[in-house]
Structures are given as structure tokens and as C-alpha cells.
Amino acid sequence: MKLWGGRFQKETDNLVNELNASIGFDQRLYREDITGSMAHAAMLADCGIISRADADAIINGLQGILEDAEAGKIEFTADNEDIHMNVEALLTARIGDAGKRLHTARSRNDQVALDFRMYVREQIPVITGQLLELETVLCRQARQYQTAVMPGYTHLQRAQPISFAQHLMAYAAMFRRDVTRLEDCAARLNECPLGSGALAGTTYPIDRWQTARELGFDAPMGNSLDGVSDRDYALELMSALSILMMHLSRFAEEVILWCSWEFKFIELDDAYATGSSIMPQKKNPDVAELVRGKTGRVYGDLMSLLTVMKGLPLAYNKDMQEDKEPVFDAIDTVEMCVPVFAAMIDTMKVLPENMRKAAGRGFINATDCADYLTKKGMPFRDAYTVTGRLVAACAAQGKTLEDLTLDELKAVSGLFEQDVYDALNLENCMALRKSYGGPAVAETARQIEAIEAFVQQIKDKG
């Protein structure tokens with residue numbers, strides 16, 4: 001008979017058992033389930049609800065189950081539906097009637113809410129640590145290429161000269177925000193649902209603050225209905241992970257472009273690329289492509305849980321059993337993608353000569369030409385128009401702005417002098433962009449140092 005089978009006259013249909021059982025996926029919560037049960041048993045004894053001897057037997061029995069599970073000696077069964085009933089059945093089989101007292105003043109509703117919340121809380125530092133390593137890789141690569149000029153793009157058209165370091169640090173800024181989003185999620189979820197019961201608390205004189213403290217929470221959740229029905233923390237996590245994957249996907253798209261023959265700004269290490277079964281010349285950026293593809297998977301996980309939760313009345317509904325698989329999948333996907341992406345970036349070969357060659361085409365110093373005239377006294381809109389005419393003439397003749405003679409420039413505006421060639425030099429164009437956040441070496445150095453300090457700060461806190 002099932003643990004909840006007291007009022008039922010028939011055995012559950014096998015198809016219902018298959019639909020209802022969650023042990024196939026929620027067994028990964030066994031550590032959290034056992035840890036939470038130990039804290040619950042200790043509290044029950046401290047509050048005089050069960051005897052100290054029963055609590056000791058329960059805790060010792062749970063410890064043995066945990067050790068056996070860690071050693072791979074336990075096979076959980078669908079006959080007991082979920083991880084909670086599997087653990088309780090194992091405990092009762094091992095220690096007898098004392099095991100039947102564990103579930104006093106508790107429901108599976110607050111039990112699963114606790115287990116799931118603890119699991120999410122434990123995974124956040126794992127992902128954060130992976131992001132910090134990625135940040136470290138970006139800083140290491142950026143330090144090497146602070147003077148490497150490359151074209152910056154808008155609309156995927158060459159726009160203005162930047163450095164490869166600045167481009168990398170733009171992604172570092174994104175991943176920094178991802179870390180802080182995960183930290184915010186961890187802070188908000190750190191309230192304990194245990195003691196909420198099925199929905200309305202309990203008549204037993206429990207101490208919810210004791211179990212909250214014992215399990216590392218800041219406080220118990222303040223409303224028992226909310227305690228068993230809240231999955232905001234899971235949605236918030238998956239939202240943060242979706243944004244993180246979006247950042248990885250944007251970066252992946254650029255890696256894919258950069259290592260193509262059309263760009264050839266980088267070359268991926270052989271360990272992080274694959275070949276073709278028919279074309280021997282191919283070196284495919286499959287790591288980047290898979291990360292880009294798996295982003296949609298994480299988005300789908302978020303939408304799945306949002307859809308499950310959108311119409312549920314308070315408090316617990318069985319629909320909420322569908323919360324775990326999308327969260328597990330999103331976490332697993334991110335924890336697989338971030339380290340391999342970091343390793344790919346860390347080992348790639350950068351080709352600054354090709355970046356500089358590309359920067360020399362596309363008139364990316366046109367804004368600097370207009371700024372030169374503006375600094376000589378011409379209104380910016382007039383300088384913009386003059387420079388636009390020069391660009392059109394150069395494009396028609398297959399020239400760059402630097403190719404024009406001083407006489408050709410003076411024919412358009414008498415404000416041009418010999419120093420215009422210094423203003424049009426791409427290295428100077430980049431070096432003079434000293435505004436906060438810009439590509440000048442001193443500015444990219446500041447950006448790198450800021451990210452390195454952030455990484456260290458987070459590590460020191462952890």
C-alpha cells in the first residue's frame with residue numbers, strides 16, 4: 001500500500017502510476033531531502049513533539065541512507081512515486097516505527113518546496129564560479145590585445161575603430177551583470193518553506209526559525225500558502241540563465257563569424273573545433289554553434305515553467321511537479337556550456353594583422369575626419385556632409401581617406417592641413433577615444449582591472 005493509501009479502496013492503475021511518479025527525475029534531490037528531514041527531526045525533538053530517542057534513530061538512519069545513496073548502493077523505485085516517499089520508506093524499513101514519526105508536522109508540499117529551493121540555491125554558486133572563470137579568461141585575452149585595432153560594427157557594417165580588448169570587455173560587462181542577477185536570485189530565494197505544511201501550517205508547536213537557521217536560510221517564509229506554492233525563485237533563476245545564454249549566444253555568433261575565411265580574425269584551437277565527414281578542408285566552430293543552439297533550449301525551459309504556473313490557484317497543485325525537469329535541464333545546459341565556452345576563448349589564436357587589415361577598409365575613420373573639421377571650426381553637420389562627399393569619391397575611385405592627397409582634401413575644404421593624416425591614422429583614432437568606457441589603452445586597462453577586482457570580490461565573499 002502507498003504511504004498515502006489509507007482512504008483508497010483500489011490499487012492505483014499502472015498508467016496512473018507512470019504518470020504520477022516523479023522519481024525518475026526528482027531523485028537528484030536526495031541530498032536535499034535527507035538534509036531537510038534531519039533538520040526537521042531535530043526540531044521535532046527539541047520542541048517535544050517526538051522523543052529524543054526517535055529523533056536520534058531517524059537522524060542516524062537518514063545518515064546511513066545518505067551514505068549508501070552517495071556510494072550508489074540504493075536504487076530508488078517508482079513504486080514509491082517520488083524521492084520523499086522513497087526516503088521515508090527506506091527509513092521505516094531500516095529503523096521501524098520511529099521512521100513513521102518523521103513526517104509529523106510536515107507535508108510533501110512543504111518538503112518538496114524546501115528540497116527544490118535548496119537545490120537551486122546550491123547550483124547558483126556553481127554557475128557563478130564558472131562565470132568568474134570565463135571573466136578571468138576574457139581579462140587575460142584582453143590584456144594581450146589592448147592595442148590590436150579592429151573594426152567595430154553597427155548593422156554588421158564597419159563603423160569605427162576599436163580594440164579587440166574593448167570588444168572582449170563588452171562581453172565581460174554582460175557576464176558581470178549575469179553574476180549579479182544570480183546573486184540577487186540567491187538572496188531572494190533564501191527563505192525557508194519548511195513548516196508551511198500542506199498549505200495552512202500545523203497545530204503542532206514547531207519552531208520554524210530553528211529549521212530555517214539549521215538549513216542556512218535567513219528566515220522562514222512568512223505565509224504558508226506562499227510557502228508551498230511559490231516557484232518565483234525557479235522562474236527567476238531560469239530568467240537569469242536565459243539572459244546568460246543570450247549573452248553566450250551573441251558571443252558565439254561573433255566567434256563563428258570571426259573564424260570564417262571572410263573575417264579570419266581568430267582561429268579556434270583544434271581541441272575546440274570539429275571537421276567534416278566529406279570536406280577535408282573544413283574546421284567547424286561546432287562548440288560556438290551548439291552553445292548558440294542550446295540557448296533556445298534554455299528559453300524553452302523558462303517558457304515551460306511560466307506556462308505551468310500561469311493559471312494555478314493557491315496553493316499546491318500537481319501541475320507543479322512539472323517544475324523540476326525544465327529547471328534541471330536549464331541548469332545542466334548552462335553548466336555544460338559555460339566552461340567549454342571559456343576554454344574555447346582561452347585557447348583561440350587571435351590574428352590582429354587581419355583585424356587591422358579589415359579596419360583599413362570601410363572608412364571607419366570617417367567620423368574622425370568630420371571631428372577634425374569640427375575642431376577646426378566647421379559646424380559638425382557641415383563637416384559630416386563634406387566627409388560624406390569625400391567617402392563617396394573614395395569609394396568610386398577605390399581609395400581610402402588616407403590615400404587622398406592634401407591638395408585633393410583642400411579642394412573640398414581649406415581647413416584641411418597636414419595634421420589631418422594624424423587624425424585619420426586608425427591607431428590614433430582608437431587611442432584618442434579616451435572617454436570613459438572607450439577603446440583607448442588606458443580605458444580598456446581600467447575596464448580589465450574593474451572586472452578583475454569584481455571577480456576577486458565575489459571570490460572573497462564566497
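I started with how helices α11 and α12 lie against each other: their axes cross at roughly 160 degrees, so the two are roughly antiparallel. For this label I used the cut-offs under 35 degrees for roughly parallel, over 145 for roughly antiparallel, 65 to 115 for roughly perpendicular, and oblique for the rest. Here α11 covers residues 232-258, α12 covers residues 286-309, and their axes come within 8 Å. I noted the contact by class as 18 nonpolar, four polar and five charged residues. (Ala, Val, Leu, Ile, Met, Phe, Trp, Tyr, Cys and Pro count as nonpolar, Asp, Glu, Lys and Arg as charged, and the others, Gly among them, as polar.) The crossing is left-handed, meaning the near helix is turned anticlockwise from the far one by less than a right angle; clockwise would be right-handed.

A reminder to myself: this is a predicted model, where local features need pLDDT of at least 70, side-chain atom pairs count only at pLDDT 80 or more, and totals for chains, interfaces and linings use all residues. Residues are numbered from 1 along each chain as its sequence is written, and side-chain values use heavy atoms, with hydrogens and water left out.

Helices are DSSP runs of H or I with at least four residues, strands are E runs of at least two, and both are numbered from the N terminus. Axes are lines fitted to C-alpha atoms, for helices over the stretch in contact, with angles from 0 to 180 degrees between N-to-C directions.

Next I looked at α7. With α20, its axis comes within 10 Å and crosses at roughly 155 degrees, which makes α7 roughly antiparallel to α20. That crossing is left-handed. Helix α3 (residues 30-46) packs on α7 at about 120 degrees, axes 9 Å apart, so α3 and α7 are oblique to each other. This crossing is right-handed.

Then the strands. β1 (residues 149-154) and β2 (residues 157-163) run antiparallel, joined by six bridges; strands pair if DSSP finds at least two bridges between them. I found M150 bridged to I162 in β2. The hairpin leaves two residues between the strands, and H155 in the turn has a positive phi of about 55 degrees.

Which residues lie closest to the centre of the largest pocket? I listed G152, Y153, T154, H167 and E254, out of 20 lining residues. The volume is about 440 Å³. β1, β2, α8 (164-189) and α11 each give at least two residues to this lining, which divides into eleven nonpolar, six polar and three charged.

My search terms: on a 1 Å grid over the protein atoms alone, a cavity is a set of points where a 1.4 Å probe fits but cannot get out, and a pocket is an open set with protein on both sides within 12 Å along at least five of seven lines; lining residues have an atom within 4 Å of a point. Points are joined across faces, edges and corners, and a volume is the space filled by probe spheres set on them.

The second largest pocket has about 340 Å³. Its 15 lining residues include I124, P125, E183, A186 and G462, which lie nearest the centre. The largest share, six residues, comes from α7.

Last, I found one cavity of 30 Å³ or more in the whole structure. The largest cavity holds about 50 Å³, and its lining includes F363, N365 and E402.
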